[in-house]
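Biologist: I would like to go through this model one feature at a time. Please give the general idea before each case.

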Amino acid sequence: MKAISKKVHMMTFTAFLLVTMLQGGCSNTGAPPAGTSAPALAFQYDKAALPGAKPWTSEAFQNNPENFQFAVIGDRTGGSDPGGIFDRAMEQINLLQPEFVINVGDLVEGYTDDKAKAASMWDEAEGIIKNLEMPFFYVAGNHDMGNDTMKQVWLERRGATYYHFIYNDTLFLVFNSEDPSNPVPKDIAEKTAEYKKLQERDPEAALKMLGEFMASLDAYKVPMVMSDEQISYFRKVLADNPNVRWTFAFFHQPDWENPETGKALQAIEEMLANRPYTVITGHLHYYDYTQRNGRDYITMGPVGASWHKNGPGNVDHILWVTMKKDGPEIAMVTLDGVWDRKGRDLKLKDIYERTAATEGVYQEP
Ligand SMILES: [Fe+2]
């Protein structure tokens, strides 16, 4: 926590210096526009030349040092795209410069009992993630933690399967929705490997295979489970932090989409009931927004993971969250629209224009 707080101060100071330098050509110190909370020197202009009307509006600058911005990204795997979408997204996030990034799980295909194989999957994913210029927070997904071997490898690398942190008076709860993990088809690892090979050899057959596989998963739609230890841990975290300005709850599986909502989600909602909060999940590879209990509940679209349904939620994107004094401002940024300074990158359209596995094969009931 110490390092994070230090960074906040550093960034605030750097932002202050930058704005001051940008305005350095002005001769007189002017007071900031009415209502702004900016330091007196943050905005300067030539008062003698502009004593009355000004060529700018009088709104306050949006530079409250309490505000901060972070990015959320969705699934990479569960049938990953071979075209390097996730790799490219790291470069695009660096262009946007959030203060940190948080994922909603499923970064490796997992479901292996071979520890070395699991380790090499993580080596690959972490090799891409290390290209980010800011901290990256992990959330466990079913592919990341689908069996004991995967859990062991996760713990060796990350120390905990659920945790919390505070950033600028905002509480982040990172739940583990795989505690224990839900049942999956026995041959899921083999199927995933076969699908990966087919993607290279015969993309159409790969899509067909994925669509049929998704259609067969209905029997596995069971409520999310979390251990009593985990629920107790978060109860204590919330009791210890009653006055933060906002709480974000992250977990992989949007349990409210299941035919039957589990006890874990009920417990989470009950413990959050008396505070403002936002829930962000992934898993379905399809952007979705709903409200429950008057709060925002978001299911992230993917960053590279295959599309499983038909519809407008099929989008590779990031969520750009600006935490303000009274709550978050949330913008959805599609990755085909994030270009560098050289201008429009037509290649992005092809890369991000993908086909859903379910087109013509499987329709949501
Ligand atoms: Fe998942």
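Biologist: In which sense do strand 6 and strand 7 pair, and over how many bridges?

Modeller: Strands of a sheet pair through backbone hydrogen bonds, either parallel or antiparallel. Strand 6 (residues 246-250) and strand 7 (residues 277-281) pair in the parallel sense over 4 bridges. Strands (E, at least two residues) and helices (H or I, at least four) are DSSP runs, numbered from the N terminus, and two strands pair if DSSP finds at least two bridges between them. T247 has Y277 in strand 7 as its bridge partner. This is a predicted model, in which local features need pLDDT of at least 70 and side-chain atom pairs count only at pLDDT 80 or more, while totals for chains, interfaces and linings use all residues. Residues are numbered from 1 along each chain as its sequence is written.

Biologist: Which residue of strand 6 is the bridge partner of L173?

Modeller: L173 is partnered by A249 in strand 6. Strand 5 and strand 6 run parallel and are joined by 5 bridges. Strand 6 is largely enclosed by the rest of the structure, because 4 of its 5 residues are buried. A residue is buried if 20 or more other C-beta atoms lie within 10 Å of its own, exposed if 12 or fewer, and partly exposed in between, with C-beta atoms placed from the backbone. Over the protein, buried residues make up 35% of the 365 residues.

Biologist: What is the strand order in the open sheet of 5 strands?

Modeller: The order is 3-2-1-10-11, with mixed pairing. Strand 3 (136-137) and strand 11 (327-334) are at the edges, each with a single partner strand, so one side of each has no neighbour in the sheet. Strand 3 runs parallel to strand 2 (residues 100-103), joined by 2 bridges. V101 stands opposite F136 there.

Biologist: At what angle do the axes of helix 3 and helix 4 cross?

Modeller: Two packed helices are described by the angle between their axes and the distance between the axes. For helix 3 (residues 115-129) and helix 4 (residues 148-158), the axes come within 10 Å and cross at roughly 50°. Axes are lines fitted to C-alpha atoms, for helices over the stretch in contact, and angles run from 0 to 180 degrees between N-to-C directions. The two helices are therefore oblique to each other; angles under 35 degrees count as roughly parallel, over 145 as roughly antiparallel, 65 to 115 as roughly perpendicular and the rest as oblique. Helix 3 contributes K115, A118, A119 and W122 to the contact, and helix 4 contributes T149, M150, V153 and R157. Two residues are in contact if their C-beta atoms, placed from the backbone, lie within 7 Å.

Biologist: Which peptide bond is cis?

Modeller: The bond joining D179 and P180 is cis, with omega about 0°. P180 is in the loop between strand 5 (170-174) and helix 5 (188-201).

Biologist: Is N293 buried or exposed?

Modeller: N293 is exposed, with 10 other C-beta atoms within 10 Å. N293 has a positive phi of about 55° although it is not a glycine, and lies in the loop between strand 8 (288-292) and strand 9 (295-299).

Biologist: Over which residues does pLDDT stay under 50?

Modeller: Where pLDDT is low, the predicted coordinates should not be read in detail. pLDDT, the predictor's confidence in each residue from 0 to 100, stays under 50 over residues 1-32. The mean for the protein is 87, and 87% of its residues reach 70 or more.
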